[in-house]
Amino acid sequence: MLIIGIAGTTLSAEERDWLQHPAVAGVILFKRNFASRGQVAELAAALREAAPRPQLLCVDQEGGRVQRFVEGFTRLPALAPFGTLYGRDPGAALRLAQEHAWLMASEIRAIGLDLSFAPVVDLGRGNLAIGDRAFHPDPQVVAAFTRAYVQGMHAAGMAATLKHFPGHGSVREDTHFDAAIDPRPLEVLEREDLVPFAAGIEAGAEAVMLAHVTYPAVAPEPAGYSPFWLKDVLRGRMGFRGVAFSDDIGMAAAESAGGVKARIDAHLDAGCDVVLVCAPALVPDSLRAMEGRGPGNMAALVGLMGRGALGWQGLLADARRPAIQQALSGPEFTA
């Protein structure tokens, strides 16, 4: 199955045709798709109306520098300040992280989207792509935040997606632009980067997003299309039974698999359930690549559909929202 990107703030005729393809399971939205809160809610409704089957509507609304919808939404802090606060007051830091998760997810659910791909549970160890998107460098601290964040998202009726498995934080390269190689052996990764993922799975996270990082001491392929990482480690050793997403196949580090069809085949054959095709220019080739593969198991995505949204007016009536906004506006989050 595919999650695809679209070009603008309304649906084109070609994009409506894409939604008819049986391999399309949903759409991911970006800043290019956002003009206002009302417009993006209308776009979400139009996407659902145009498709012949339920669609999983997604976004990356982490906070900090990765927040696609800003105007009309709470300006959410990045995750790193929670880690800093943890050093002074662990209980307050974990409580505020859970509230951040609830607020983020509640706003996204209130406009009719199902899923924000969160939380980032990579270790904060200097990766160029991750940076302040990570809570902390210590695996046990990140594990505690992961449990809190998953709980907050669930309280808002949103499934949680742990990313980027098995850990993107301990390499320097940004996989949007470069290949990334992590030389550490599996036993080190199990003691470090995998710890937050194990905590998130135990907390009930419904999805995992794979990293375009290669761990040559473990497997020859990048994790996203490695049968060992997906089947032996994630499904086998860690017991994960949810949905496995690829990261965007348009990223430079995904090109190691070959052309568009080769990338899609590699990820799906290795055990990914859903492939992200974020660039609209890659969608036609991606749809052709899916011919003959069958529509995939849409039932696997049912658990990721949003639950219990009250709409924006209902959210405005919830006293938790202004209280959390106030708590997240302190100097530790705005510096």
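**Cysteines, a parallel sheet and aromatic pairs**

C272 counts as buried at 5% relative accessibility; here buried means under 20% relative accessible area, exposed means over 50%, and partly exposed covers what lies in between, with a 1.4 Å probe and protein chains only. The model is a predicted one, in which local features need pLDDT of at least 70 and side-chain atom pairs count only at pLDDT 80 or more, while totals for chains, interfaces and linings use all residues. Residues are numbered from 1 along each chain as its sequence is written, and side-chain values use heavy atoms, with hydrogens and water left out.

A disulfide is a covalent bond between the sulfur atoms of two cysteines. With the cut-off set at cysteine sulfur atoms within 2.5 Å, the structure holds zero disulfides. C272 is in none, and the nearest cysteine sulfur, that of C278, is 13 Å away. At 8% relative accessibility, C278 counts as buried.

Turning to the fold, helices (H or I, at least four residues) and strands (E, at least two) are DSSP runs numbered from the N terminus. Strands are taken to pair if DSSP finds at least two bridges between them. Eight strands make up an open sheet with parallel pairing, in the order 6-3-2-1-12-11-9-7. Its edges are strand 6 (115-116) and strand 7, each of which pairs on one side only. Strand 7 (residues 161-165) is mostly covered, with five of its five residues buried. Its parallel pairing with strand 9 (residues 207-210) runs over four bridges, and T161 stands opposite A207 of strand 9. Strand 9 also pairs in the parallel sense with strand 11 (residues 243-248), over three bridges; there, V208 has A244 in strand 11 as its bridge partner.

Helix 2 (residues 37-50) is a handy one to inspect on screen. Its 14 residues reach 20 Å from first C-alpha to last, close to the 20 Å expected at 1.5 Å a residue, where the expected span is 1.5 Å times one less than the number of residues. The buried residues of helix 2 are Q39, V40, L43, A44, L47 and A50. These residues lie on the same side of helix 2 because they cover an arc of only 140° around the axis, the arc being that of the directions from the helix axis to the C-beta atoms. An α-helix has 3.6 residues a turn, so residues three or four places apart point the same way. With contact meaning heavy atoms within 4.5 Å, the buried residues of helix 2 pack against helix 1 (13-20), strand 2 (24-29) and strand 3 (56-59). The face turned away from this buried side carries the exposed residues E42 and E49.

Aromatic pairs are rings of Phe, Tyr and Trp (its six-membered ring) with centres within 6.5 Å; planes under 30 degrees apart count as stacked, over 60 as edge-to-face and the rest as tilted. The count by this rule is 14 aromatic pairs. F73 and W312 form an edge-to-face pair, 5.4 Å centre to centre with 75° between the planes. This pair links distant parts of the chain, 239 residues apart: F73 sits in the loop between strand 5 (66-67) and helix 3 (80-88), and W312 in helix 11 (residues 311-316). F82 and F333 form a tilted pair, at 4.8 Å and 50°. This pair too links distant parts of the chain, with F82 in helix 3 and F333 in helix 13 (residues 331-334), 251 residues apart.
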